[in-house]
Each structure stands twice: as C-alpha cells, then as structure tokens.
Amino acid sequence: MHIRSIRAKSILTPQRRGFLQTGERPFTHSLSWAAGCGLGKHYCGAFCYARSLPNWRFARQDDEAWGEALIVKSNAPELLAAQLARHPARQSLRIFCSPVTDPYQPVERKLRLTRRCLQVFAQYADLDLLLLQTRSALLLDDLDLLAQIPYLWLGMTIETDRPDLPYGPTRANIERRFAAVEQALARGIRVQIAVAPCLPHTDDFAARLLSAGAQRIVIDSFGSGDGRSGARTANSPFARKADYDWRDEKMARALYERLRLRHKGIGWSAAGFAGIPGRSRRPSHPCQQRRAAL
Ligand code: SF4
C-alpha cells in the first residue's frame, strides 16, 4: 500500500445534502481520515461507491490506484481536537465515521489515527452521536476506548452469511465480524449491524442477525444505497462478476420485512442509517441548525 501523508485543514465535513442527510435524525458531519481505502482490493472494493466520489477522484494522483494507495490526513486527531474544542453546537453533532474509507483498515494497526481520534472524542461527553462504521474486527483493539464514549455506536457491516459467493466475504471474515459484535455488546457498546449492500444469503440469515443481539439492524440494496439508483454499481467490477440480478431489490426488501416483524430497531437504507436516536434533542430553530452545520 502506497501511503501519501498530507496536512489537512479540516477533519469534520458538514453534511448539507445526500445520503447522510436523509432520514429522521440526519448526520451533521462526516469524519474520514483518508481518501481511498485499504480494503479497496478486498471483496467489497469491487462494489464500493467511494472509488467514484470526488473525495478520491480529485485527490488521487495519476499513479495512485484504488485499493493500492491511500491519502492520509496525518493531522486528523489534532484537527478534531481543535474543531471539537471550539464548536458552537457540539451537543448536536452527529458524526458518521466514515462514509468513504474504513476506520479499521489494516494500516490502522500502524497509524492508529482512528484510535487517536477516539481519544479526542473520549474527552467530551456531550456529543449527540458518533457512528463508527466498519467491516473489520480490528476494532477489538480499541474496545476499552469505545466503551468510554457515551454517544458512540458501532456500525458493523455484515452483508451476507454465505461464504461461497465469488464476490463476497470468506467464512472466517463473516465469523470474525459476528464475534466482534458479540464482544462489543458484552462491553455495553451499542451496535447497529448494516446489511449493506444486502448480498444473496441463506434462509437462516434473518435469525442469525436477530440472535446477534444488536440494538439496530439496517438493510440496504445497491439501488437504494449507492447514491445514483444503481448507476455507480453498474460501472463497478462487481457488476461484471455478479451472477444474479443485483438491481432487483426484492431480496433485500424481503429480509427487511422479515426482520421488521421481530425487532423494533430495523431500518431501510439511508433513513435507516440516520435513524439512531440521539442523546440530546436536535436544535429545532433554523438558526441553531445552521450553527450545528458549521
Ligand atoms: S471497506 Fe468500505 S470504503 Fe473500504 S473498500 Fe470496502 S466498501 Fe469501500
């Protein structure tokens, strides 16, 4: 992995429209300490929409390829400390970490940027939400720290229970993620499992998701979740490999309906992600909302 370090000017990105602003309790900001993703050559890199976003396309140099290069904001923890210290509406911050890279990709073992950002968050008890979204069990290295942040939710992506898909995760990878969910819950950390995107799965998947014990489960499809009604996925390497009609949402909708009958915390796509209850009330006055977006 080629790593290019930069000194960024900002680390919390205000969300004014788009995926994270959809739903009852939208996110106010995203936090991404890298452009590119170290899991980009992993199975999910084949359908990942982050490779087509400006964050990567305009930041990369000609010799930097998706999944082989990472542009790292090496001063992310310092920037976060400064932004949180002076934020005029810190109590209403709802932060998604991260929509365009994985906070627990392999290089985190060396850089520990997620850990150092979490150490900053742990100094504040008054934010509304931090959703830490990952596909990696590396988060277990930080379990003590995660448990100290009262507004933190772990978002664990588990797209299928089938290890035999040519475009999906291995059995060991699936098991590691379910085990990480179990350990996080045992430490009192709230968990939202994201079946995103929903891949072909067995009839037992719904029961397995329910028995994992997460407070919330969100289901998403390629059509609803890639931000362009499936157009981004259509241009992805995954679309060339897939042996089923990934545009058909029926499978994902059926899983959603099955779960909804048996669990109160089930969400669909963007609105589901943005459905996590807050600790504080959202500012209701437009002036307050503008301040929260600064
Ligand atoms: S972990 Fe997420 S951001 Fe990284 S390649 Fe996979 S889908 Fe994309």
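Trainee: What covers the buried residues of helix 2?

Mentor: The cover includes strand 2 (12-14), strand 3 (29-31), strand 5 (69-73) and helix 4 (113-121). Contact is the test: heavy atoms within 4.5 Å. Helices (H or I, at least four residues) and strands (E, at least two) are DSSP runs, numbered from the N terminus. Keep in mind that this is a predicted model: local features need pLDDT of at least 70, side-chain atom pairs count only at pLDDT 80 or more, and totals for chains, interfaces and linings use all residues. Residues are numbered from 1 along each chain as its sequence is written, and side-chain values use heavy atoms, with hydrogens and water left out.

Trainee: Which residues of helix 2 are buried, and why are they said to be on the same side?

Mentor: In helix 2 (residues 76-86), the buried ones are A76, P77, L79, L80, Q83 and L84. Their arc around the axis is only 160°, so they sit on the same side of helix 2. That arc is taken over the directions from the helix axis to the C-beta atoms. The face turned away from the buried side carries the exposed residues A85 and R86. Buried means under 20% relative accessible area, exposed over 50%, and partly exposed in between (1.4 Å probe, protein chains only).

Trainee: Why are helix 2 and helix 4 called roughly parallel?

Mentor: Their axes cross at roughly 20° and come within 8 Å. Under 35 degrees counts as roughly parallel, over 145 as roughly antiparallel, 65 to 115 as roughly perpendicular, and the rest as oblique. Helix 2 and helix 4 are therefore roughly parallel to each other. The axes are lines fitted to C-alpha atoms, for helices over the stretch in contact, with angles from 0 to 180 degrees between N-to-C directions.

Trainee: What makes up the contact between them?

Mentor: Helix 2 brings A76, P77, E78, L80, A81 and L84; helix 4 brings L113, R116, C117, V120 and F121. By class, that is 9 nonpolar, no polar and 2 charged residues. Ala, Val, Leu, Ile, Met, Phe, Trp, Tyr, Cys and Pro count as nonpolar, Asp, Glu, Lys and Arg as charged, and the others, Gly among them, as polar.

Trainee: How do you know that the buried residues of helix 4 share a side?

Mentor: Those residues are L113, T114, C117, L118, V120 and F121. They span an arc of only 155° around the axis, which puts them on the same side of helix 4.

Trainee: Which residues are buried in helix 11?

Mentor: In helix 11 (residues 250-260), they are A252, L255, Y256 and L259. Their arc is only 100°, so they lie on the same side of helix 11. Their cover includes strand 9 (190-195), helix 7 (205-211), strand 10 (216-219) and strand 11 (266-268).

Trainee: Why does L127 count as buried?

Mentor: Its relative accessible area is 1%, so L127 is buried. L127 is in the loop between helix 4 and strand 7 (129-134). Neighbours within four places aside, its contacts include L84, F121, Y151 and R279.

Trainee: What makes R112 and S269 stand out?

Mentor: Most residues other than glycine have a negative phi. R112 has a positive phi of about 55°, and S269 one of about 50°. R112, in the loop between helix 3 and helix 4, is buried at 17%. S269, in helix 12 (residues 269-273), counts as buried at 4%.
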